Amino acid sequence: MKEQLVVRWDAFLAKIDARFNESLTYGEDAVLNSLEDNDYDYYGAFRTLKAIQSQVYNDLIQKISDTWQQQVAPLMRADGIYWAEESYKGHQLAESMHERMQLWLFVTEGKLSLKYYDHAIQLINRNFFCTQCNSPLQVKRDFFMAQYVTCNYCNAVNTFEPETKYAAIGWNVVNNIAALYSLNEYKEMIAAENKDAGIYKKAQRTYYEKYFDERIKLMPHTASTKEHDIELEIKKQSK
């Protein structure tokens, strides 16, 4: 009886794990494709991502615990004391899936943001002119906010109001791209979480150094606050 139950439990866990990996692969494609399908509604695509995350959790991760408690545990408990070891298998797989899910979110948010950026940045690739003398204006293309632009010819001050989709780049989009470009440092920080505190703090600072360097490449005007921003993020993480 023990061998049959263990084989069936192992087969179930293997099937869940395979479906989990397939779901993440399919989920990433679905999120990125939804951006084009909804005319580059960034937050619409983000809602798709969260819906997929919720579905994978309910259909697969939670199913491990439900199946164990409702079907497997009663049979094994009645058959012998080996049930504890088998329970740990399910726990380990669920923990692993949680970790992989977090990494999937990190990467997919980054790829979604990068695809959105490549589209929305094109919205400012045109000429802008002074409202008073119609001379060309020099608008900052990596500011992502309203700008007051002085005309070099008549000195009139023009207000440049960016399009909503272009302005959205300056929020989570640049943050997620900077995070994606810092993926190796992020993985090293996560791997250091269970190590000596000094090792973790070093990995944490290395990640945020890289993250804010990448963010500055997208928004140069944030360079002056880099050190302050790093300390603020580290302080937030320590709470």
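1. Which side chains meet in a salt bridge at 2.9 Å, N to O? Those of K89 and E86 do, a salt bridge being a side-chain nitrogen of Lys or Arg within 4 Å of a carboxyl oxygen of Asp or Glu. Both residues lie in helix α3 (residues 83–120), 3 residues apart, about one turn of the helix. E86 is buried at 5% relative accessible area, whereas K89 is partly exposed at 25%; buried means under 20%, exposed over 50%, and partly exposed in between (1.4 Å probe, protein chains only).

2. This is a predicted model, in which local features need pLDDT of at least 70 and side-chain atom pairs count only at pLDDT 80 or more, while totals for chains, interfaces and linings use all residues. Residues are numbered from 1 along each chain as its sequence is written, and side-chain values use heavy atoms, with hydrogens and water left out.

3. The structure holds 13 salt bridges. Among them, E233 and K236 meet at 3.2 Å, N to O. These two residues are 3 apart in helix α8, and therefore separated by about one helical turn. E233 counts as buried at 19% relative accessibility, and K236 as partly exposed at 46%. Salt bridges that share partners also join D10, E86 and K89 into one network.

4. E231 and R205 form a further salt bridge at 2.8 Å, N to O. This pair links distant parts of the chain, with E231 in helix α8 (residues 226–237) and R205 in helix α7 (residues 197–218), 26 residues apart. Helices here are DSSP runs (H or I, at least four residues), numbered from the N terminus. E231 is partly exposed at 39% relative accessibility, as is R205 at 32%.
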